[in-house]
Amino acid sequence: MSAALAPRRSPARRVATLHALLPVAALVLLLAAVFLKQPRAMSYFGINLLLNLAIPVMFATLAQMMVLAVSDLDLSIGPFVSLVACIGATLMPEQPALAVLALAAAVGVYALAGALIEARQLPSIVVTLGLSFVWLGCAVLLLPTPGGTAPEWLRDAMRWRTPLLPLPIWMAIVTAIAGHLLITRSAFGTLVRGLGGNPGAIARAGWNMVRVRAGVYAIAGLFGVCAGLMLVGQATSADANIASRYTLVAIAAAILGGAEFTGGKVSPVGAVIGALTVTLAASFLTFLNIAPDWQVGMQGLILVAVLGLRAAIDLVGGRR
Amino acid sequence: MSTPVDTVHDGHAVPAPMPRVPRWQRLGRLAANRPWLGSAVAAVLAWAATVWSAGGQGSGDLLSAALAFSAFTVLVSLGQMLVISVGPGNADLSIPSTIALAGAVAMVVMNGNDAMLLPGLLAATAVGMAVGLFNFGLIRLLRIPPIIATLAASLIVMSVAINFGRGLKVKPPALFSDLMALRVLGLPLVALVALTVTVLVAVMLERTALGRSIAAVGQSRRAAQLAGLRVERTRLLVYVICAGLAGLTGALIAGFSGGNSLDQGAEYLLMTIAVVVIGGTAVAGGRPSVPGIWGAAMFMFLLVALLNAVGAGPGLRTLLTGLIIIAVIVLASSRPRR
């Protein structure tokens, strides 16, 4: 969490706390508005329906967040999730071993890209841009026309009626805690944030930068694999462009959740909340009977509003 | 670098200092100050390979088609190049939405009337510039990173375009369609328009205070500020120029393809970034490469033509495009990086 990273001065800490609370407030506000408008949504089934689509977005956001944590930007996560979904819908049911091999190879390529970016000091935007074409090409080769079927167990898993709380809520809690432990409590997480904030210091401390960055990209790839498999489990079939919008959605969700483009400032809990907020914003607009034509623009406005509030907090708190 | 402003030259006038020895001594020396050279060579190779695979037939037609289609890519990419050149983190993601909105506006203003051709083009450009102003407003007022600001703006602009252009079936004026198909001295008119704009941008970068400011701000924002340059004004103008060019291109595409459509700009989001970088412009900012835009735009078109000619399907084509983008950036990274 960004609160932990703030210096010990109290105004700065207050700003950091407000920053951390902002995505929570946005989510609560949206939820309250949805429930007010449609009280029937306040049920196990309603919440499940509302937030179901947020599950893959959550994992895609965590993948983007890992890359943001090392001050890079990943333009390929959307096509990557699409490719995973295509693998899940074509190879997975008949040749599970081959599918696992393909997924492992894809994660390996992700790690390789990370190593390449570090070793040759390449701009991540361009490498991941090229990578996005690679993923899309593979997906089209694998599944030229929309179709395929997700394996039975995957579909069942995504339909699982979890006890007490609906599946999306459980997923959000588990991923937020796991991500938080990974980023703030593990040695690797410290290393990752260090690489984003002060790469020189990490290098001087004797770490193998190539290996660390490759590791970061590999973890991003693993999150992407989770996102793709869960997406295809929900959709039951796939197509090569099924998740192409995830690239920008994941950036928006991660930034909403308090991540910054530079300096290794990320928040896994914020990222999960950001993903929920972005998904909920879309459903909320449907509830408001806003014409679908304006919904895209309203999503943009919500993004602007939250970021504007953050700027206002900075201004009042005196932080630049 | 003690004299940052000098390094934007392509090496004709003032050779930039070379901190690192190039990897391929002889070729490297030649290519070092000409970041556009790689893309030009790649474009020529792609053209030769395509012609060869077609048995030497239609080399002229291919070139003319490449020039016409590259013209649109060049126009938008020049704007993206300026934006990327003002420093790390600057990029305009709202180009596709701007193209969609401006195309619709141009068609409505022209309304199939030859006399309204010029007002239509001006209106499209003005709409683009307004989007640029909006982009920069978000960046400045909300202090959000340009990538997120232009992303949010693109969502809003796209909504406006959807509402404005719903059910719109206006054909471009006959004169406009004729002009877009016109050839002057065997060259498509669009290509000549794009060439003119390219020359204007090159002169602007080399000879005007704004052009030098763009390079200076991109190389070191702090140094530029301390030197008394108006950093924010430079950035504002760059975003406005970029969106204005996207607006103009939106109108031209609508005229070229016999009417506007909402997704007529979709491919230009990734395309412009790829073209700018393959063309040799430094992603870290401060070193725009104008000739490289043409080389890279032609290369990207000819690459698809080549892969089509050898019978590669859409999947393989996309896969190879990605691999080639990565290969080009790896090869180009032997350049000194700031």
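## Close-up views of the predicted model

**View 1. Helices H15(A) and H6(B) cross left-handed.** In a left-handed crossing the near helix is turned anticlockwise from the far one by less than a right angle; clockwise makes it right-handed. Helices are DSSP runs (H or I, at least four residues; strands E, at least two), numbered from the N terminus. The model is predicted: local features need pLDDT of at least 70, side-chain atom pairs count only at pLDDT 80 or more, and totals for chains, interfaces and linings use all residues. Residues are numbered from 1 along each chain as its sequence is written, while chains are lettered from A and ligands numbered from 1 in the order in which they are written.

H6(B) spans residues 146-164 of chain B, and H15(A) packs on it at an angle of about 150°, with the axes 7 Å apart. Axes are lines fitted to C-alpha atoms over the stretch in contact; angles run from 0 to 180 degrees between N-to-C directions. H15(A) is therefore roughly antiparallel to H6(B) (over 145 degrees; under 35 is roughly parallel, 65 to 115 roughly perpendicular, the rest oblique). Trp294(A), Leu301(A) and Leu307(A) are among the H15(A) residues that meet H6(B). On the H6(B) side, the partners include Ile148(B), Met158(B) and Asn163(B). By class, this contact has 14 nonpolar, five polar and one charged residues. Nonpolar means Ala, Val, Leu, Ile, Met, Phe, Trp, Tyr, Cys and Pro; charged means Asp, Glu, Lys and Arg; the others, Gly among them, are polar.

**View 2. Chain A meets chain B through 36 residues of chain A and 37 residues of chain B.** Contact requires C-beta atoms, placed from the backbone, within 7 Å. In chain A, helices H7 (124-142), H13 (246-256) and H15 (292-317) each supply at least two residues to the side that touches chain B. H7(A) gives the most, with 14 residues. That side of chain A divides into 26 nonpolar, eight polar and two charged residues.

**View 3. H9(A) packs against H14(A) within chain A.** H9(A) covers residues 167-185 and H14(A) residues 268-287. Their angle is about 150°, and their axes lie 7 Å apart. H9(A) is therefore roughly antiparallel to H14(A). From H9(A) come Ala172(A), Thr175(A), Ala176(A), Gly179(A), His180(A) and Ile183(A). They meet Pro268(A), Val269(A), Ala271(A), Val272(A) and Leu276(A) of H14(A). The contact holds eight nonpolar, three polar and no charged residues.

**View 4. Leu27(A) sits in helix H2 (residues 10-37) of chain A.** Leu27(A) counts as buried because it has 21 C-beta neighbours inside 10 Å (buried: 20 or more other C-beta atoms within 10 Å; exposed: 12 or fewer; partly exposed: in between). Leaving out residues up to four places away in sequence, Leu27(A) touches Ile273(A), Leu276(A), Thr277(A) and Leu280(A). Thr184(A) lies 157 residues from Leu27(A) in sequence and 23 Å away in space, C-alpha to C-alpha. Across chain A, buried residues make up 54% of the 320 residues.

**View 5. H12(B) and H13(B) make a right-handed crossing.** H12(B) runs over residues 268-278 and H13(B) over residues 290-309. They pack at about 125°, with axes 8 Å apart. The two helices are therefore oblique to each other. H12(B) brings Met271(B), Ala274(B), Val275(B), Val276(B) and Ile278(B). H13(B) answers with Ile293(B), Ala296(B), Ala297(B), Phe299(B) and Met300(B). The contact has 10 nonpolar, no polar and no charged residues.

Note on methods:
Two residues are in contact if their C-beta atoms, placed from the backbone, lie within 7 Å.
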